[in-house]
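Hi,

Here is the structure I promised to pass on.

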Amino acid sequence: LAVATGNGANIVPTLTVEDVDASPTGDKKNEAKTPSSAVSDKSVTPGDLPAGKAPVLPDWYKIGWREVSGIDEPIPKGEEQDRAILFQFIDEQYFGEWYHNAAIIIVAVVFTHLLTLLRMGWGWILVLLAFCCTYYSASIERFRRRARDDMQRELTKKRLVDETETADWMNNFLHRFWQIYEPVLSTTIMNSVAQVLSTSTPAFLDSIQLTTFSLGTKAPHIDHVRTYPHTEEDIVMMEWGISFTPNDVTDMTYRQAAAKTNPKILLEIRIGKGLTATMPVLVEDITFSGKMKIRMKLTGTFPHIQIVDICFTEKPWFDYVLKPVGGETLGFDIASIPGLSSFIRDTVHSILGPMMYEPNVFTLNLEQLMSGVPLDTAIGVLQITIISASGIKANKIGGGTPDPYASIAIGNNLALERTSPRMDTRTPVWNETKFVLVSALTGDLNLSIWDFNEHRKDHELGKASWELNKLNEDSSQEGIVSKITQDGKERGEIKFDISFFPVLKPAIVDGKPEPIPETSIGVVRLVLHQAKELDPSKNAISKDINSFAKLFVNDKFIHSTPVGKHTLKPIWESPKEFLCADRANCIVTIKVIDDRDFLKDPVIGYLNVKLEDMLQAKKEGRDWFTLSGCQSGRVRISAEWKPLDMEGSLHGAAKYVPPIGVVRVLMKKAVDIKNVEGGLGGKSDPYVQVMINNTIMTRTEVINNNLNPVWDQYMYIPVHSLRETLYFECMDYQHLTKDRPLGHVELDVAKLAEVVPPEDPVSEKYPYQSLGVKDMKEPIKVDNGTKGELYFSAEFVPALHLAGVSFGGQKNAIEAAVGTDHDDEGDQDVPKDLTYETGKKINGAA
């Protein structure tokens, strides 16, 4: 036994241990050392990382098979293209002919003849013979090897299609790995399912809790694998036979079978309100088997698998033991009831069939999942201006002219926005702008026309669809006219403008991302994650809280989380995205509320915080905020700001927009207009009003009792864009009731003016110029066609361009379109003072 006594020769240590933090020179030493070496100041270790930035590879380096083969190089032109075609023709035409295959024999005969003429001996002939034999044997050996490889490759492809192969190596790995990974997987599933059950409990149940969950000790098994080789170069397709049979012990030893644990799931369901009873529901002995086809699309960027499509080639088989009453001891398996097990199995097939039974596939976008970007995050904003509709061929239920309004939806989702109704007309004019967040430019934009009813459900009159992928070609499209259809029949048409404003992304310059410009308009993504330490004194009776949160932006309610039942630390994980028109003045309010069913819901606590402070807190790594108005409680919130590439976002969209000019209209006369007073023996009392963006700009005088009125009156209408449209609406004047419409005529400003070319010196003073006086004779559009004609002339008069004109105190375009709304949610109101500022504590908030 060796004993360290401390006696012996003095040995110089090669390793010194010291407290670097306590050493006064430690920081200086660390600063002096470069990251290139952790041992000494000089990089002497082979394979050590370089101290500085790696040099940039020259452009003329060829890296990878694509660059070496030149497959991505442009097709040559001119003489090079002709030479390439000639060489390709020669190779294809003469390769494999007799003189090509017998070239070595020809070379041997010719050189032997030359050696004979030169009077050389047998030695030189033997050298030539050895050279020819070596070349011939190497050529034949190479040919046979390539032929054997080609035949083996084709036979392998045929075997891959017709036969299956085992995956014993993978099953052996799964068996070992499952013992380690199953507890982690069960914990993850249990936490996720517990959150879903807490927020999705039906109203007739008090709560559902997952108390026991285990997938057992036996791993899933891959029965066979079949590969489909005849696919595209970037597509990998396989068929996997998979099974999960924890009760099968044929491939286990006696000791493994004795230590085996079967899958077990136990749910505890509380029934009733107030006086509750707990009922355990047990699911065990789960088995499953099926054939699954997997299709992977490869890509050149990480993770190199872009899309995975999964589907079952046939209906999978599954079995289980379900004991809804009695638990493990007194439980009764409901599968013993005749017909119930097959009914449940058919129901599961009917649900999964449209999702992932061939030919339907379940798609996973791994590239997007691995990027960390949520699948439902907005990529931009649609600005939709619904101008008007015409020729609506529908009546109100029970008769009468409809009161139409338009709703906006993406795909088959619920309506996101809607216009205000226009009463008693088949040619409504809205001129309303709506903003809609989109997560992808796929699917259809659906504009539905509805008939507004005060005392019953609104009735749909038709729908117009427009493909969003057209915005990939042109992000701003104007004057779109789409047909309104219902039951396969045309019901009119709708006119609208649409623009797409994408979220700004950092540009990559020299391999580094450039900073994104700060904008006042953007998309905010708020995620209400969870709450902790909620104040139980808010429920003085049972100390039991069913909490949820409401989100308000500038006192407008926009979102509500699911209810977390019977917990003081609910987990919501509820995201909400909204369009922010003014980042600096945006106030976010969070109310945590106790759900009391039939009673008024009290507010447990609240939080008022500026959006700017919330974004600054995220940069500092803080996402927990203390609630005010309560003894205890914190809420975890994360915010993300995504700036938008919208007009006016860099300088503020609330600035005054000066008019580009004035349209001078001489309203002459109308002929044979609609008579709405013919039933009483009278005639219409017509006048014309001019509207822009649903605002009356001016009007003519009223001509009483005349179906062919003559006005000869000048009108001046300021316009702000060539995209605007003037509406000349003929109206019948009424003394006591609302004026009745007689029809309308549309006039686009673009028909009267144009942009002055920039090279023209006049463009600095007058950016727009007139196209001259236009004498017009337009039919008057009524409900189902035209009635009468309107005679007028119009001319554009340009305005002088003035720099630095601005007015304050006006809402911008987004605020005007969204409007204002007050908190009328029926819950307890809270003070509007800020409870949190960056680095400060206000009203008890941290």
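This is a predicted model: local features need pLDDT of at least 70, side-chain atom pairs count only at pLDDT 80 or more; totals for chains, interfaces and linings use all residues.

Residues are numbered from 1 along each chain as its sequence is written, and side-chain values use heavy atoms, with hydrogens and water left out.

The protein has 13 helices and 38 strands (DSSP runs numbered from the N terminus: H or I of at least four residues for helices, E of at least two for strands). Of its 846 residues, 33% are buried, meaning under 20% relative accessible area with a 1.4 Å probe, protein chains only.

Now to β28 (686–692). Seven of its seven residues are buried, so the strand is largely enclosed by the rest of the structure. P686, V688, V690 and I692 point one way, and Y687, Q689 and M691 the other. β28 runs antiparallel to β31 (residues 725–732), with six bridges, and also pairs antiparallel with β29 (residues 695–699) over four bridges; pairing takes at least two DSSP bridges. M691 stands opposite Y727 in β31 and opposite I696 in β29.

A polar atom of its side chain lies 2.9 Å from the backbone oxygen of K674. Beyond four places in sequence, S684 has contacts (heavy atoms within 4.5 Å) that include N675, I703, D732 and L742.

Cheers

Notes
A polar contact is a pair of N or O atoms within 3.5 Å; within protein, one must be able to donate a hydrogen and the other to accept it, and residues adjacent in sequence count only if both atoms are side-chain atoms. Buried means under 20% relative accessible area, exposed over 50%, partly exposed in between (1.4 Å probe, protein chains only).
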